[in-house]
Amino acid sequence: MRIVVLAGGIGGARFLRGLKKAAPDAEITVVGNTGDDIHLFGLKVCPDLDTVMYTLGGGIDEEQGWGREGESFTVKEELAAYGVGPEWFGLGDRDFATHIVRTQMLGAGYPLSAVTEALCARWRPGVRLLPMSDDRVETHVAIEVDGEQRAVHFQEYWVKMRASVPARAVVPVGAEQATPAPGVLEAIADADVILFPPSNPVVSIGTILAVPGIREAVAAASAPVVGLSPIVGDAPVRGMADKVLAAVGVESTAAAVARHYGSGLVDGWLVDTVDAGAVADVEAAGIRCRAVPLMMTDVDATAAMAREALALAAEAGKTAEPKETKGTGE
Ligand code: GDP
Ligand code: CA
């Protein structure tokens with residue numbers, strides 16, 4: 001079975017760990033979000049790709065959900081001693097090595113997809129990890145500070161400001177000119193199942209879908225597409241997804257996120273049992289829906305979620321009309 005997963009950072013990575021356990025023989029291709037990428041200290045940092053790589057490769061800080069386990073911060077402290085920041089972005093010593101290798105390879109002319117493959121040769125994540133694009137895409141957030149409009153890098157909004165002011169708009173800068181990385185469209189076309197893990201619908205999956213060709217490929221794929229809600233009980237399980245959902249005019253509910261993707265894009269949608277009341281609402285939008293436990297408390301619970309997603313995909317796949325006849329969900 002060939003499974004394609006569009007993934008952000010923590011939500012995507014943790015789900016993938018469960019999926020690997022649920023489908024140990026599957027060939028899993030991960031299309032990772034690179035809209036969160038940022039240049040710091042002259043280094044190219046790809047937080048979402050690294051979270052997937054470290055989580056599946058056994059190097060993640062489990063508690064935190066991102067960064068390396070057993071991390072120290074000597075380099076950061078030494079930089080700070082020179083007055084060089086930003087101090088708000090946590091880059092540990094072990095993590096620095098990844099960004100140095102990546103930046104060095106990019107400088108030598110390798111595309112990000114080749115660099116990611118090289119980094120994965122060490123981590124052996126057990127999936128094929130592809131960046132959504134080799135082109136630079138950078139998510140910016142439009143905010144208003146003291147009556148003045150400003151745009152800040154997504155990381156500044158998320159990590160520095162903790163999304164403390166409303167987001168007016170979320171713009172994946174460069175996405176329109178970007179092309180999918182080698183292998184992305186082929187993997188989607190050849191997939192038996194396509195999954196949207198409980199990743200952020202706007203700044204993770206939304207950004208991936210903003211690369212011209214990817215949304216269209218998912219909509220046209222013969223494989224059933226099933227998503228899992230990152231919103232449980234009308235709030236994100238973790239983080240501030242409600243802030244960026246509001247920016248695109250979507251309520252923070254499991255049903256609203258399903259409708260945001262639309263029946264042209266997703267065939268099935270899983271909501272948490274606390275949101276069982278939303279099932280009829282989602283089905284009314286033409287999306288097959290089930291309520292099952294969606295808390296990734298441990299790998300077994302997550303594997304059970306993955307099994308439910310695959311079961312719903314199998315059900316949707318049997319009765320699926322050819323997707324080409326459907327809209328693109330916009
Ligand atoms: P990020 O790039 O690190 O922000 O990670 P993702 O975009 O992949 O995932 C973030 C989303 O994961 C958040 O909106 C959370 O609500 C969601 N999430 C985190 N843990 C869980 C969980 O246990 N269950 C569900 N359903 N969603 C979760
Ligand atoms: Ca992210």
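**Exercise 1.** By class, how many nonpolar, polar and charged residues does the lining of the largest cavity have?

*Solution.* Keep in mind that this is a predicted model.
- Start with the search: across the whole structure, 1 cavity of 30 Å³ or more turns up.
- Next, its volume: the largest cavity holds about 50 Å³ of space.
- Now list the lining: Gln 64, Trp 66, Gly 67, Arg 68, Glu 71, Phe 73, Gly 90, Gly 92 and Asp 95.
- Sort them, with Gly counted as polar. You end up with 2 nonpolar, 4 polar and 3 charged residues.

**Exercise 2.** Work out which residues coordinate the calcium ion (ligand 2), and where they sit in the chain.

*Solution.* 
- Check the burial: Asp 36 and Asp 48 are both buried.

**Exercise 3.** Compare the span of helix H1 with the expected one, then find what covers its buried residues.

*Solution.* 
- Take the span: H1 (residues 10-22) has 13 residues and reaches 18 Å from first C-alpha to last, close to the 18 Å expected at 1.5 Å a residue.
- Go through the burial: the buried residues of H1 include Ile 10, Phe 15, Leu 16, Leu 19 and Ala 22.
- Look for the cover: among the elements over them are strand S1 (2-7), S2, H2 and helix H13 (299-319).

Methods. Residues are numbered from 1 along each chain as its sequence is written. Chains are lettered from A and ligands numbered from 1 in the order in which they are written. This is a predicted model: local features need pLDDT of at least 70, side-chain atom pairs count only at pLDDT 80 or more; totals for chains, interfaces and linings use all residues. Side-chain values use heavy atoms; hydrogens and water are left out. Donors are N, O and S atoms within 2.8 Å of the metal (3.2 Å for Na, K and Ca); water is not among the atoms, so sites may look incomplete. Helices (H or I, at least four residues) and strands (E, at least two) are DSSP runs, numbered from the N terminus. Buried means under 20% relative accessible area, exposed over 50%, partly exposed in between (1.4 Å probe, protein chains only). On a 1 Å grid over the protein atoms alone, a cavity is a set of points where a 1.4 Å probe fits but cannot get out, and a pocket is an open set with protein on both sides within 12 Å along at least five of seven lines; lining residues have an atom within 4 Å of a point. Grid points are joined across faces, edges and corners, and a volume is the space filled by probe spheres set on the points. The expected span of a helix is 1.5 Å times one less than its number of residues. Contact means heavy atoms within 4.5 Å.
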